[in-house]
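Trainee: I am new to this structure, and I would like a close look at a single part of it, followed by a connected account of what else is there. Please start with one residue and say how its place in the model is judged.

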Amino acid sequence: MASAAVRAQVAAKWQESFNRLNRNEPGISGLLAFSEAWTLAIEFLKPRDLNDPAPQKQYDLNKVRAAFGVIGECRRLPVMMEVFLEDMRKSQHLITQEVEAYMTLYESNSDPEAIRSLVYRLVDWYNAWKPTADLGPTMISAYTLAFQTHVFSVLPPSFARGIKALVSATLQRTVSQSQDPQDRVLWQAFDTLSLIDRYETLIASIGYEFIESYVEETCAGKWSEPMLATLRAWMIDKIVPWMLYPFARGATNADEAKTMMQGVGSRFDFHMHKTLCNLRTKEIFDIIVDFPESMGALQDLKECLARVDQRADLVQALRHANNKRLLHPGADTKDILSHYVSTIKCLRIVDPPGVLLFKVADPTRRYLRDRPDTIRCIVASLVGDGESGDSLVDENDPIQPLQQPEMENYSDPEWNPEPIDAGPDFRASKSSDVISTIVSIYDTKDLFVKELQVLLAQRLLAVKDGNFDRERRNVEILKIRFGEAALQVCEVMLRDMTDSRRIDQHVQSQTTSTMHPTIISRHFWPALESSNMVMPGQFQILQEKYAQEFSVFKPDKVLRWLPHLGRVHLELELEDRTLEADVPPLEAAFIELFSEKDVWTVDELVLRSGSVNRNAAVKALATWVDMHVLKEDSEGVFRLLSVTEGPTPGSRPQAPKPEAGELPPVMSVQQQQAEQMKIYWKFIEGMLTNLGSLPLDRIQSMLKFAPGYDRSVEQLGSFMEAARREGLVNVKDGMWRLGK
């Protein structure tokens, strides 16, 4: 049994509710009026079937508003809204049927117009069921949320594909400036159903994909001019007008639209930079090859990298391209060096601090360091030996001394910290000289100086007209780069050539001679290839006479002939013809011997000429056979043809000419080092005999006590590996021992 207090409280609440519904009217007249208003409002709000052919019941809107007013006075609007939403949920199957019908049509023909019709139909359903504005924004928001929740729950996954095709069509029309008036209606329908908010990422991706296709189409392979300014103008003219529909809806003026577009516009601009950066990263190898014609692409790449953090991708792409297309045995060293120089210049434009160059160049520098002809190619470029036009040095660049790495000067007012992506081994380089960067591939410049001496010796000995101005100019330029002390030997070589001409002029003034030798200082020139060759007959007499006059002029010096070097101009008088020929000394020696008798064997000729190489002897004899001066009667037996034999006795065969660009056989730096290392083999052999197995570092430390030894441990390792291949030594676990 309820207590009296509870009964009194319930009675009070009941009375309060009755008074609110009756609105203090006499009797129950107010309650009856509320009942009529409730019935009218619920009937007016009840969702109707748009496909019902029956005519729609017409209502007096004034009475409806009055009914809403009565319900509002009774504070029953929330309850009425709940009833309306429940009625709407019971009618949602009508919308589901419409969606299924339109989506079935779209999935059968993939026509985006079916999606357009579905969107318009959903807007019709939304407007048909939407409560009047008299109920207030809260009621309308609740209805909109319920309606959209149901619509989104019944849309299949293929709807997104249809929306994408439909929106893409609007973008195409906007860009081509053939806009359809229905596009604005469509975007308004999207906004009504909140499809723009739901598919914002999808709509943005359509713009992104269009930007990507346009950048690929207009910028791929076009590197001469910067493209960013053109792309920005295209974005403003073509893309921004389309972006106003989904991303600046509701804007009443340009300032409002600009404010609303600020965030999404920045994302689109970022994507344009990212797309162009990806394209240039993919093309970076060819851009470097095409430098300096590709300057525009490099400027774009620099600006894109400042906006898009893809420096690591650029480094990885370029290193991969270098390994695949450049750093392999099939690539010529000159091409690798040329590409490396272009890489230096290009990456200094893209990244002035040099972090990208430091990361990209390391594999190239290690590969070049391991190539045996790298130094020769660099030196050939330095002395102007690149007649092919592939010089590594730009003639317009100022000549600078080789710049050595400097310690950080933190007191420098222009000092800047290293970039954030710089590794621990990175050191900022202030050098703008390409040659300094290339020379720094090696730990010392001594290798370059020695190679310079070899190349200069070859070029000096190849000069026939006595004009050494070009070589002298090269030496002066190299003094600036390497310093005067490093090129003192080169100065001596140049002076030797001048002294040689002066000595020859003096000798010729004392006794006329057809011999014009080049006289050089043995201790200052690179080693020349040696030979046991001896010139016979009149050639030997000429040498002896010349040596006698030289001894008179230079009594403190002695000539040591290298008869296998040089050229000999001959005039051969045979019975039926006279021939002129410009041939190497070995050919001249052989034909001189044929003046003693007409038939010689190869072995006899080799013995008389000082035990020269048999293959070289056969090659020399073949020269005279080709000129129809000699004939090989049997294997290894040659006969002088005093009278021409053959079908064309009156023909005059062409004498062999010296090959263009043929350089005297000066020993290369590698050959000189190999010869010098043979001297130290006795030391190594003694160590391994007395001390047993030794590691390479121990051998290196002990060889440093040998006079004149200045090799690195890497060079010693190469020599020991060559000795191992010849069976002189064995190695196991890093320990070297003599071979059995």
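Mentor: A residue is called buried when its relative accessible area is under 20%, and exposed when that area is over 50%. The model is a predicted one, and in it Ser294 has a relative accessibility of 0%, so Ser294 counts as buried. Ser294 is part of the loop that lies between helix H13 (284-289) and helix H14 (295-307). If residues up to four places away in sequence are not counted, Ser294 touches Trp223 and Ile287.

Once the neighbours within four places in sequence are left aside, the contacts of Tyr442 are Leu368, Arg369, Arg371, Thr374, Ile375, Leu447 and Phe448. Arg366 is 76 residues away from Tyr442 along the chain, yet the C-alpha atoms of the two are separated by 9.4 Å.

Another pair of helices is arranged at another angle. Helix H24 (residues 585-593) and helix H26 (residues 614-626) have axes that come within 9 Å and cross at roughly 70°, which means that H24 is roughly perpendicular to H26. In this contact Leu586, Glu587, Phe590 and Ile591 of H24 meet Ala616, Ala617, Ala620, Leu621, Thr623 and Trp624 of H26. The residues of the contact of H24 with H26 divide into eight nonpolar, one polar and one charged.

The strands can now be followed in turn. Strand S1 (residues 568-573) is joined to strand S2 by a hairpin of four linking residues, and S1 pairs with S2 (residues 578-583) in the antiparallel sense over six bridges. In a regular strand, the side chains alternate between the two faces of the sheet. In S1 the covered face holds Val568, Leu570 and Leu572, whereas the uncovered face holds His569, Glu571 and Glu573. Glu571, from that uncovered face, has Glu580 in S2 as its bridge partner.

Further along comes an open sheet of three strands, with antiparallel pairing and the order S3-S5-S4. Its edge strands are strand S3 (599-601) and strand S4 (630-634), each of which pairs on one side only. Neighbouring strands of this sheet are turned against each other by 30° on average, with direction ignored. S4 and strand S5 (residues 637-640) are held in antiparallel pairing over four bridges, and within this arrangement Ser634 has Val637 in S5 as its bridge partner.

One more open sheet has three strands, with antiparallel pairing and the order S6-S8-S7. Strand S6 (694-695) and strand S7 (729-732) stand at its edges with a single partner strand each, so one side of each is left without a neighbour in the sheet. S7 runs antiparallel to strand S8 (residues 735-738), the two being joined by four bridges, and Val731 stands opposite Trp736 in S8. Helix H29 (residues 713-725) lies across S7 and S8, and it runs at about 110° to S7.

These parts can finally be set within the whole chain. The protein chain contains 29 helices and eight strands, and buried residues, of which Ser294 is one, make up 41% of its 740 residues. Among the contacts between residues at least 6 apart in sequence, 70% join residues at least 24 apart. The accessible surface of the chain comes to about 41,200 Å², and 52% of that surface belongs to carbon and sulfur atoms.

Notes
Residues are numbered from 1 along each chain as its sequence is written. This is a predicted model: local features need pLDDT of at least 70, side-chain atom pairs count only at pLDDT 80 or more; totals for chains, interfaces and linings use all residues. Side-chain values use heavy atoms; hydrogens and water are left out. Contact means heavy atoms within 4.5 Å. Two strands pair if DSSP finds at least two bridges between them. Axes are lines fitted to C-alpha atoms, for helices over the stretch in contact, and angles run from 0 to 180 degrees between N-to-C directions. Angles under 35 degrees count as roughly parallel, over 145 as roughly antiparallel, 65 to 115 as roughly perpendicular and the rest as oblique. Ala, Val, Leu, Ile, Met, Phe, Trp, Tyr, Cys and Pro count as nonpolar, Asp, Glu, Lys and Arg as charged, and the others, Gly among them, as polar. Buried means under 20% relative accessible area, exposed over 50%, partly exposed in between (1.4 Å probe, protein chains only). Accessible areas come from the Shrake-Rupley method with a 1.4 Å probe; for residues, only the protein chains shown count as cover.
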